[in-house]
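I opened the model today and took notes as I went. The entries follow in the order of my look-ups.

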Amino acid sequence: MFLDRVKITIKAGNGGKGSTSFLRNAQTANGGPDGGDGGKGGDVVFKATNDLNTLYSFRFKKKFVAQNGEDGHQKNQTGKSGKDEIILVPTGTVLINPKTDKIIADLNEDGAKFVAVKGGLGGHGNAYFKSSVKQAPSFSQAGEVVSPKEVILELKTIADVGLVGFPNVGKSTLLSVISNANPKIANYPFTTIYPNLGVCEVLGETFVVADIPGLIEGASEGAGLGHYFLKHVERVRLIVHLIDISECEGRVATEDFKVINNELKNYNANLENTKQIVVFSKCDLLEKDELQEKIDKFVKLHKIDEYICLSSYTREGVEILKKKILENLKRIPKKPALQVEEFDFDKKDFSTIEISRADDGSFIVSGGRIENLSRGVVISDELSFAYFQNRLKEMGVIDMLKERGMKEGDTVIIKDITFEYVE
Ligand SMILES: Nc1nc2c(ncn2[C@@H]2O[C@H](COP(=O)(O)OP(=O)(O)OP(=O)(O)O)[C@@H](O)[C@H]2O)c(=O)[nH]1
Ligand SMILES: [Mg+2]
C-alpha cells in the first residue's frame with residue numbers, strides 16, 4: 001500500500017533532574033555541594049533517505065519518542081544526554097504544522113535532516129546554586145519537560161520527469177519500457193494508484209521518471225484522485241504529456257490535451273510553466289495515413305512545433321524520447337525546496353509574565369519566564385523556597401503582584417507551587 005500523507009506524534013526527551021549531593025570523604029568531613037546537572041533530552045530529528053519511497057511504515061507506528069536525559073549524579077557528574085530519535089522518511093517528504101497547515105520543512109534531498117523538536121534541558125545540580133551567601137544549597141532543579149507534538153508528513157515525489165496524461169494512455173507501459181521499474185499495467189483506467197518511480201539510463205547518464213496516476217477533468221478540484229496525484233507532479237522539472245492518438249478509448253485527443261493542461265494550470269503550483277514534451281502514444285494502432293492526419297490536426301489546433309510519435313509495443317520513438325528528455329534536463333535547473341514557515345514547536349516567549357486572579361482571590365502568575373523559573377525549583381526546604389522567592393523579587397514579580405494589590409498573607413499560585421506571601 002502507498003501512503004503519502006500521515007499525522008504522527010513526536011516527543012523529544014525530557015531533561016534529567018539535577019542532583020542534590022554533598023561531597024563526603026575521609027579528607028573532607030563537611031564538603032560542599034557536588035550534585036551534577038541532569039542530561040539534555042534527545043531531539044526528534046527527521047532524515048530523508050532515497051531507500052524509502054512511501055510513508056507506509058507510518059501506518060502502524062505513529063508515535064516517536066526520544067530518550068530522556070539522565071539525572072545528574074554526585075561528584076559533579078552530569079547525567080548522560082538522551083539519544084535522539086531519528087525518523088527516516090522518503091526523500092521529498094514535507095513536514096506540515098497541523099495547526100496552520102503550513103510547511104515547516106522540506107526534506108527534498110537524500111540525507112537532508114531537520115530537527116523538529118529539541119530535547120528538554122537538564123536541571124542544574126545543587127553545586128550550581130552554590131554562592132557566597134548560600135554555601136550549602138540543598139536543592140536542585142528539575143529537568144525541562146517536553147510535551148508531545150503533532151506533525152503531518154506529506155510526500156511530494158521528487159523526480160526529474162513526470163509522465164502525465166489521462167488514465168489508460170500507456171504511461172506505466174512507457175515507464176516499464178524506459179526504466180528499471182516494473183509497474184502494474186492493465187487495460188482499465190486508474191490502474192496506477194500511486195506514483196511509480198523508475199531510473200532511466202541514456203548515453204551513460206541517468207534521470208528519475210515518475211509515472212503519475214491518470215488525471216481526469218476536475219482533478220485539480222479533487223475529481224478522481226485529484227490533488228492526490230497532482231502534488232506528485234509539483235516538483236518534476238519536465239512533464240512528458242502522453243496523448244492516446246489512436247483514440248481507441250473513444251476519447252478525442254485534442255480535447256484530452258486541453259483538459260489535462262487546464263488541470264495542471266488550475267492546480268496552481270506553476271505547473272503550466274513546467275516544460276512539456278508532447279508524446280502521441282499507441283501509434284502502432286493506426287495506419288500511417290490515419291496517424292498523420294490525426295497528428296496534423298492536433299498540431300495545427302494546439303500550435304505545437306515539437307512532438308514524438310511513440311509506441312511502447314514496437315518501441316518506435318522510445319530512444320528518441322529518452323534522448324530528448326536528457327537534452328531538456330540538461331537545460332532545466334532543479335526545482336528549489338518549497339517555501340517553509342519559520343517555525344519552532346517549542347518557541348516560548350521568555351519575556352512574558354502574566355498575573356491573573358482566581359475566584360478565591362489568589363494571584364496566579366504565569367508566562368514564559370515563570371514557566372522556566374518554576375520548573376527550576378524543588379520546593380523541598382526553606383532554603384530552596386528562599387531562593388525561589390529571591391528570584392521572584394529579582395524578576396520584578398513581587399513588585400508586579402504588589403501593584404495588583406497583593407498583601408501579606410495572600411495566596412500566590414505559580415504553576416504547581418502555592419504559597420502564602422510573607423514580607
Ligand atoms: N497498442 C498499444 N497498447 C498500449 C501501448 N502502451 C500501452 N498500451 C496498453 O494500454 C493499456 C493501458 O496501459 P497502462 O500503461 O496501464 O496505462 P496508464 O496510462 O498507466 O493507465 P493508468 O494507470 O490507469 O493511468 C494496457 O492495456 C496497455 O497494454 C502501446 O504503445 N500500444
Ligand atoms: Mg498506470
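I call a residue buried when its relative accessible area is under 20%. The model I am reading is predicted.

**Entry: Gly13**

I started with Gly13, in the loop between strand S1 (5–11) and strand S2 (44–49). Is Gly13 buried or exposed? Its relative accessible area is 0%, so I put Gly13 down as buried. I then listed its contacts, leaving aside neighbours within four places in sequence. They are Gly41, Gly42, Ala66, Gln67, Asn68, Gly119, Gly120 and Val146. I also checked Gly13 against Ser81, 68 residues apart along the chain. Their C-alpha atoms are separated by 9.1 Å.

**Entry: ligand 1**

Next I turned to ligand 1. I found 22 residues around ligand 1. Which of them come nearest? They are Ser172, Thr173, Phe190, Thr192 and Tyr313. An oxygen atom of ligand 1 sits 2.5 Å from an N or O atom in the Tyr313 side chain. For the side chain of Ser172, I noted 2.8 Å between an N or O atom and an oxygen of the ligand.

**Entry: helix H1**

Ser172 and Thr173 took me to helix H1, where both are among the buried residues. H1 covers residues 171–178. How many of its eight residues are buried? I noted seven, so H1 is largely enclosed by the rest of the structure. What do the buried residues pack against? I wrote down S9, strand S10 (196–202), strand S11 (205–211), S12 and helix H5 (318–331).

**Entry: Asp160**

I looked up Asp160 next. It is in the loop between strand S8 (149–155) and strand S9 (161–164). Its relative accessibility is 12%, so I count Asp160 as buried.

**Entry: H3 against H4**

I checked how helix H3 (residues 253–267) meets helix H4 (residues 288–302). Their axes are 9 Å apart, at an angle of about 35°. I logged the crossing as right-handed. From H3, the contact uses Ala253, Thr254, Phe257 and Lys258. From H4, Phe298, Leu301 and His302 take part. I sorted the residues of this contact into four nonpolar, two polar and one charged.

**Entry: positive phi**

Last, I looked at backbone angles. Most residues other than glycine have a negative phi. I flagged Asn76, with a positive phi near 55°. Asn76 lies in the loop between strand S3 (63–65) and strand S4 (85–90). With a relative accessible area of 48%, Asn76 is partly exposed. I flagged Glu247 too: its phi is positive, about 55°, and it is not a glycine. Glu247 lies in the loop between strand S12 (238–244) and H3. At 24% relative accessibility, I count Glu247 as partly exposed.

Methods
Residues are numbered from 1 along each chain as its sequence is written. Chains are lettered from A and ligands numbered from 1 in the order in which they are written. This is a predicted model: local features need pLDDT of at least 70, side-chain atom pairs count only at pLDDT 80 or more; totals for chains, interfaces and linings use all residues. Side-chain values use heavy atoms; hydrogens and water are left out. Helices (H or I, at least four residues) and strands (E, at least two) are DSSP runs, numbered from the N terminus. Buried means under 20% relative accessible area, exposed over 50%, partly exposed in between (1.4 Å probe, protein chains only). Axes are lines fitted to C-alpha atoms, for helices over the stretch in contact, and angles run from 0 to 180 degrees between N-to-C directions. A crossing is left-handed if the near helix is turned anticlockwise from the far one by less than a right angle, and right-handed if clockwise. Contact means heavy atoms within 4.5 Å. Ala, Val, Leu, Ile, Met, Phe, Trp, Tyr, Cys and Pro count as nonpolar, Asp, Glu, Lys and Arg as charged, and the others, Gly among them, as polar. A residue is near a molecule or strand if one of its heavy atoms lies within 4 Å of it. A polar contact is a pair of N or O atoms within 3.5 Å; within protein, one must be able to donate a hydrogen and the other to accept it, and residues adjacent in sequence count only if both atoms are side-chain atoms.
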